[in-house]
Amino acid sequence: MSFLVLKAYVRLIHFDLYLARGNFATLYDKVHKFPLGRETPGSDVVERICSAVDMACIWYWKEALCLQRSAATACLLKKYGIPAQMVIGAQQMPFKAHAWVEVDGRVVNDKPYMPEMYDVLDRC
């Protein structure tokens, strides 16, 4: 298991604790206020981080929710100097909410058509 996968796993636990307590506001603040790292990102850092989070989700002891997965991905990307945004969207009928991560307006951790399926409620 790579060090990046371990970091992703720890982030999943971190955000799972907020969700378990029903503390959505704190989770949102942590992602929104997470500082952008000063590193100059490599060309493949987005793909490596998204893959690490995917791998961490496979090894996670329970299903990682889209909000938890997206919060972890956004914070890891920011840590490595990528200005990522966690996006929260909803659809009316039937009601569904979903979260994903965008970098420069491009979905990086989900299907590229997510913004077309959901009305964007917020970007953090």
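The model is predicted, so local features need pLDDT of at least 70 and side-chain atom pairs count only at pLDDT 80 or more, while totals for chains, interfaces and linings use all residues. Residues are numbered from 1 along each chain as its sequence is written, and side-chain values use heavy atoms, with hydrogens and water left out.

Helix α4 spans residues 66-79 and has 14 residues. Helices (H or I, at least four residues) and strands (E, at least two) are DSSP runs, numbered from the N terminus. From first C-alpha to last, α4 reaches 20 Å, close to the 20 Å expected at 1.5 Å a residue. That expected span is 1.5 Å times one less than the number of residues. Gly81 follows α4 and has a positive phi, near 90°.

Of the 14 residues of α4, 12 are buried, so the helix is largely enclosed by the rest of the structure. Buried means under 20% relative accessible area, exposed over 50%, and partly exposed in between (1.4 Å probe, protein chains only). Among the buried residues are Leu67, Ala71, Cys75 and Lys78. Their cover includes α1 (3-20), α2 (24-32), α3 (45-59), β1 (84-91) and β2 (96-103).

Helix α1 also packs against α4. The two axes come within 9 Å and cross at roughly 130°. Axes are lines fitted to C-alpha atoms, for helices over the stretch in contact, and angles run from 0 to 180 degrees between N-to-C directions. The helices α1 and α4 are therefore oblique to each other. Angles under 35 degrees count as roughly parallel, over 145 as roughly antiparallel, 65 to 115 as roughly perpendicular and the rest as oblique. The contact (heavy atoms within 4.5 Å) includes Ala8, Leu12 and Phe15 of α1 and Leu67, Ala72 and Cys75 of α4.

A second pairing joins α1 and α3. Their axes come within 8 Å and cross at roughly 60°. This pair is therefore oblique as well. Contact residues include Leu4, Ala8 and Tyr9 of α1 and Ile49, Val53 and Cys57 of α3.

The structure holds zero disulfides, a disulfide being a pair of cysteine sulfur atoms within 2.5 Å. The sulfur of Cys57 lies 11 Å from the closest cysteine sulfur, in Cys50, too far for a bond. Cys57 is buried, at a relative accessible area of 19%. For Cys124, the closest cysteine sulfur is in Cys75, 8.4 Å away and too far for a bond. Cys124 is buried, at 6% relative accessible area.
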